[in-house]
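Please read the following explanation alongside the sequence and the three-dimensional structure shown here.

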Amino acid sequence: MKIIISNSSDTTIYGQIVNQIKEAIISNELKSGYLLPSIRALAKDLNISVITTKRAYEELQKQGFIDIVPGKGTFVACFSKDIIYEEKMKEIELKIEEIIEISKIIDVSREDIIEIFNCIYEG
């Protein structure tokens, strides 16, 4: 698992960690039961505060993506395909909202957007 931290990103460091681990889990790069690095090891590897990695892991646990087992480690949680589906649907909705905002700025009609979508989708 490779996490890349960007100091120029608008997203907080802990948010970048959360997003990258979530994406790796959703894309099945990290499978259920996979042992993640310890909080200290990840902090050392990324050259960041232990508090930042702890916060990221706590957020991932709260969202149901990881399980923290005291004395054993941090593991990718077992979860249903519904969670993955919902995450990807949220991502699609956000991108569609962005497309709509851009199309309104340059006055592109709904019909034109649908036509563009159909052309790309049928590809």
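The paragraphs below treat the sheet, the loops, the helices and the pockets in turn.

The model is a predicted one. Its sheet is open and consists of three strands in the order 1-3-2, with antiparallel pairing. Strand 1 (35-36) and strand 2 (66-69) are the edge strands, each of which pairs on one side only. Between strand 2 and strand 3 (residues 73-76), the antiparallel pairing extends over four bridges. One of the residues involved is Val69, whose bridge partner in strand 3 is Gly73.

In the loop between helix 1 and strand 1 lies Asn28, which is not a glycine and yet has a positive phi of about 70°. Asn28 counts as partly exposed because its relative accessibility is 43%, which falls between the limits of 20% and 50%. Asn47 is likewise not a glycine, and its phi is positive, at about 60°. With a relative accessible area of 73%, Asn47 is exposed, since the exposed class begins over 50%. A positive phi, near 60°, is also found at Asp107, which follows helix 4.

Helix 4 itself comprises 25 residues, 81-105. Does the distance between its ends agree or disagree with the expected span? At 1.5 Å a residue, helix 4 should span 36 Å, and its end C-alpha atoms are 37 Å apart, so the two values agree.

Helix 4 also contributes to both of the pockets described here. The largest pocket holds about 280 Å³ of space. Its lining consists of Ile96, Ile99, Ile100, Arg110, Ile113, Ile114, Ile116, Phe117 and Ile120. Helix 4 and helix 5 (110-122) each supply at least two of the lining residues, and helix 5 provides the largest share, with six residues. By class, the lining of the largest pocket has eight nonpolar residues, no polar residue and one charged residue.

The second largest pocket has a volume of about 170 Å³. Around the second largest pocket are Asn19, Lys22, Glu23, Ile26, Glu87, Lys88, Lys90, Glu91 and Leu94. Helix 1 (13-26) and helix 4 each give at least two residues to this lining, with helix 4 giving the most, five residues. The lining of the second largest pocket divides into two nonpolar residues, one polar residue and six charged residues.

The structure holds one aromatic pair. Phe117 and Tyr121 form this pair, with 5.5 Å from centre to centre and 20° between the planes. The pair is classed as stacked because planes under 30 degrees apart fall into that class. Both residues belong to helix 5, where they are four residues apart, about one turn of the helix. An α-helix has 3.6 residues a turn, so residues three or four places apart point the same way. Phe117 counts as partly exposed, at 48% relative accessibility, whereas Tyr121 counts as exposed, at 68%.

Terms used
Residues are numbered from 1 along each chain as its sequence is written. This is a predicted model: local features need pLDDT of at least 70, side-chain atom pairs count only at pLDDT 80 or more; totals for chains, interfaces and linings use all residues. Side-chain values use heavy atoms; hydrogens and water are left out. The expected span of a helix is 1.5 Å times one less than its number of residues. On a 1 Å grid over the protein atoms alone, a cavity is a set of points where a 1.4 Å probe fits but cannot get out, and a pocket is an open set with protein on both sides within 12 Å along at least five of seven lines; lining residues have an atom within 4 Å of a point. Grid points are joined across faces, edges and corners, and a volume is the space filled by probe spheres set on the points. Ala, Val, Leu, Ile, Met, Phe, Trp, Tyr, Cys and Pro count as nonpolar, Asp, Glu, Lys and Arg as charged, and the others, Gly among them, as polar. Rings of Phe, Tyr and Trp (its six-membered ring) pair if their centres lie within 6.5 Å; planes under 30 degrees apart count as stacked, over 60 as edge-to-face and the rest as tilted. Buried means under 20% relative accessible area, exposed over 50%, partly exposed in between (1.4 Å probe, protein chains only). Two strands pair if DSSP finds at least two bridges between them.
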